[in-house]
Amino acid sequence: MAAPAWRRRRPGVADILPRAMDVRLRLQLVYALPLIIILACAPNDARGVRAHGAVIDVDAFGDTLRGPAQPPQRIVSLNPTTTEIVFAIGAGARLVGRSHWDSFPDSARLVPDLGPALGPNIETVIAAHPDLVLLYASADDERAATRLHDAGIPVAALRIDRIEGFRTATRDIGALLGDSARAANVVDSVTRTLDRVRAATHDLPRPTVAMVTWQHPVIVIGGGSFINELIEVAGGHNVYADLASPSPTVSLEDLVRRDPDFLLASPKGRVNLERDPRWQAVRAVREHHVLVIDTTIVGRPSPVMGQAAASLAGLLHPGIQP
Amino acid sequence: MSRRRGIWWAAAIVLAALAVASIGLGSVHIAPAAVLSALAGAGDPGTVTIVRVLRLPRVAMAILLGAGLGMSGASLQGVMRNPLAEPYLLGVSGGAAVGAVIAVLVGAPAVLVPIAAFIGAVLAVAVAFFVAHATPGGGDVRVLLMAGVIVGAFANAAIMLLLANADPAAMRGALWWMMGSVAAATWAQNGWLAFYVLAGGALLVAWAREIDILTLGEDAAASLGLDADRASRRVYLMASLVAAATVAAAGLVGFVGLVVPHIARRMGASASRAVILGSALIGAALVVGSDLIARTALPPAELPLGAVTAVIGVPFFLIQLRRLR
Amino acid sequence: MIAFQGVSVRYADAPRDAAHDVTFTTERGRMTALVGPNGSGKSTLVRALLGRQKLTAGRITIDGAPLASLARAQVARRIAVVTQREELSFPTPVSDYVALGRFPHRGAWRSAGAEDRAAVARAVELSGIGPLLERSVDTLSGGEWQRARIARALAQGGEAMVLDEPTTYLDIAHEMEAFELLSRLVREGMAVLLVSHQLNLVARFADMLVLLHDGRVAASGIPDDVMRGAVLERVYGWPLVVTRDPAVGAPALVPLRGAPRRDSTLNPSSHIP
């Protein structure tokens, strides 16, 4: 994974979602509420690296990840995606804590809920006696990372925005867990599925789409998101692929101007869009071209991405067999 | 407003020009002729919807919003005898924000958010009044101000608690609301906003002479036969109610109610009636202009209206602050 | 015209009455002055007259009608009060400011009629503020501002005017101007009630003095009766003599230098009959 790219961008509050906020919105947040002060960055001082072994990678906070002397047996994962990856690698039984938001796969719900993923409760985490903590790489977790380091607990802060980021993170977690082989299997499986979907849709006409994740303000999936990649894999073209932000806020008029053939929305989202007279300005809404995505698989940069791409392909190209 | 009539006509023309520009301009380029035919309901259905459903109600809401905030701010500055008073002073913003955040967080349909905000705002003002009047010397403006500040602080704390464990998408929606926007304007919303702004504004204008008297102080008001407590209380309540309606419709749009009355005074208004009416006009122009900037400055994104009015309003405010010294 | 009858006022949680059993009357064509040390209850009585302070006992009447039975606007049409402090928060032209005096007649709705304009014009003429009308109140000097306030009270067109320390910040010329204006109003038949610290001036201008001490009337009557050294010394707690001003012939108070002595061994001040 391109570590310098991570470091260039300081993660923000809504980073708990895979579609992370763009810089502009974060500025707006700072303007809006004093509570955002909570997000003030922690000092990024040098931390001791306590895990021993070969260098694996550099995590999102610039800490060197090293292979463990012994595979960790008590893992805390405070990030929905890494939790899912840990399960996919077959190490779910070694999880002793997860964040409140980690609900996939189903068995993740059986892992003790340690609360927020952003700005976690350090005491709760330490009380679980972890020998590895996987954090979401956001500014307010930086302080948590420092304190866990100070408590002698190995920490890996990971951030997954794109498909490639998922591959790197999965390999890193595999190495940290001492099971690189199974991690490689997971990566290969996802890659193969994506390739199959891409091949199946390759020669089909590509409808233009926009995925709407919030109605007011209008938030869509931009070029910075893995979902943008999944849409391309599934044989569609995201009209907001040109925007670098993973989830930009746009004006409704701009959506009208870009005039996608289809909108992608959650089931509740479609109901709201079709009910709102203002959205009648969007041709896709007028023509009842609002496609409902399977929110249990589309939306996480996790091992389900292959399925997600296949599901999107099924929506955009009914009847194909990826 | 009789002193310099010309300047007010100029302001009205500026408002009209901004409104016309707002209907004509946007992300989608529409030729002026097409805009006109779309206004009449003819032409491409998408264009008609853009002009009649997206732009027109939006401009109307910006006018109502600016007028309401201007009149509310002008009245409160007069009755509180404080040039730094503003419409959100009595806890309106905090209460409305709490109401709106709760509505967004529980996933209420978008139409219910303004209603929740309105209820929150009215409750906050009621609490501020109750707290002030349960205190010895509760009729005192300063006690009321403190009560409003405290209610606002409490509301902020409540918002922090509510958002602490919020779903991030909902949080983003809640924060967007708090930054103010007329992007979601509908005719239904404009209808009841117009009711509060016009009816409330008419009452404030009618009470303007009483506000003039109140600016002399409570003893002087009493010497002119005015029950200062009663007169000021109803101005507080009506101004806050108008502010609450604007907040419910468009979220928090700062600095308009604070800055606009000063501009009206600089333009020659001195009697409260002229200041209130002038503030309605200038407030409308300021918000329509700010919204035009908000939706055209940084395409394809839309800036939060409250951020634009703050960027415009703060320099004005600082100049005013220098004058006060 | 205005009669205080056994008026007592006690503020919440206060150990004693701020005004106790105060009785006096103002008449048309008379200037009545309310004098006394700080905290003696002068302003309390003005507030009571404004209806801003509840009476604990007694009553105030306007031409025999109890104040409590009259609407505020009714009272304001008959009695104009120039309060002690008044701060305009926003710049206002003097003409607009004086016109506010017509509020009790116009209420919130009626626009200015011929009668209103005539009353304002007369007030402007009497107070001599004609040259100031176009100026903004925040550009006025202390003396000009005080005259503008008196003009506003005059525009109310009542038969009585109450002024709470109207000359506090004025220099000699402006102070004398104000007093001359008030005595002219009195000559024209107005009842003037003046709260003042300027004992020597009110002794010259007022027809009647009411001396308050600790909320009670210590003495009242014509200036010669009230301006007695023994009483004033007790009330003000400072050694003083009362002489007769050789130039104008009015009683004049002269405070002496030295520490105050509250015992009665102090040389009784001379009162010149």
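This text leads through a structure with chains A, B and C, starting with how the chains meet. The model is predicted.

Begin with the chain pairs. Two pairs of chains touch, and the pair with the most contacts is A and B. Chains A and C do not touch. Their nearest C-alpha atoms lie 31 Å apart.

Look next at where B meets A. Chain B brings 34 residues to this contact, and chain A brings 33. Three helices of chain B each supply at least two residues to the side that touches chain A: α3 (45-80), α6 (141-164) and α7 (168-178). The largest share comes from α7(B), with eight residues. The side of chain B that touches chain A divides into 22 nonpolar residues, nine polar and three charged.

Now turn to where B meets C. Here 23 residues of chain B are in contact with 24 residues of chain C. On the side of chain B that touches chain C, α9 (208-214) and α10 (218-223) of chain B each supply at least two residues. This side of chain B holds 10 nonpolar residues, six polar and seven charged.

Stay with chain B and follow α3(B), one of the helices on the side that touches chain A. The helix α3(B) has 36 residues. From its first C-alpha to its last it reaches 50 Å, close to the 52 Å expected at 1.5 Å a residue. The helix α3(B) is not straight throughout: it bends by about 30° at B:Arg55. A proline, B:Pro57, follows within four residues of that bend. How much of α3(B) is buried? Of its 36 residues, 30 are buried, so α3(B) is largely enclosed by the rest of the structure. After α3(B) comes B:Arg81, whose phi is positive, near 55°.

Move on to chain C. Its secondary structure comes to 10 helices and 12 strands. The C-alpha trace of chain C spans about 65 × 40 × 35 Å along its principal axes. Take the contacts in chain C between residues at least 6 apart in sequence: 65% of them join residues at least 24 apart.

Inside chain C, find strand β6 (residues 79-82). In a regular strand the side chains alternate between the two faces of the sheet. In β6(C), C:Ile79 and C:Val81 lie on one side, and C:Ala80 and C:Val82 on the other. These four residues are all buried, and both faces of β6(C) are covered. Which strand does β6(C) pair with? Its partner is β7 (residues 160-164) of chain C, joined to it by four bridges. The two strands run parallel. Across the pair, C:Val81 stands opposite C:Val162 in β7(C).

One last stop is C:Gly157. This glycine sits in the loop between α6 (142-155) and β7 of chain C. Is C:Gly157 buried or exposed? C:Gly157 is buried, because 20 other C-beta atoms lie within 10 Å. From C:Gly157, look across to C:Val202, which is 45 residues away along the chain. The C-alpha atoms of C:Gly157 and C:Val202 are separated by 24 Å.

Terms used: Residues numbered from 1 in each chain as written. Chains lettered and ligands numbered in written order. Predicted model: local features only at pLDDT ≥ 70, side-chain atom pairs only at ≥ 80, totals over all residues. Contact = placed C-beta atoms within 7 Å. Nonpolar A, V, L, I, M, F, W, Y, C, P; charged D, E, K, R; others polar. Expected span 1.5 Å × (residues − 1). Bend = angle between axes of the 7 residues up to and from the residue. Buried ≥ 20, exposed ≤ 12 C-beta atoms within 10 Å, placed from the backbone. Pairing = 2+ DSSP bridges.
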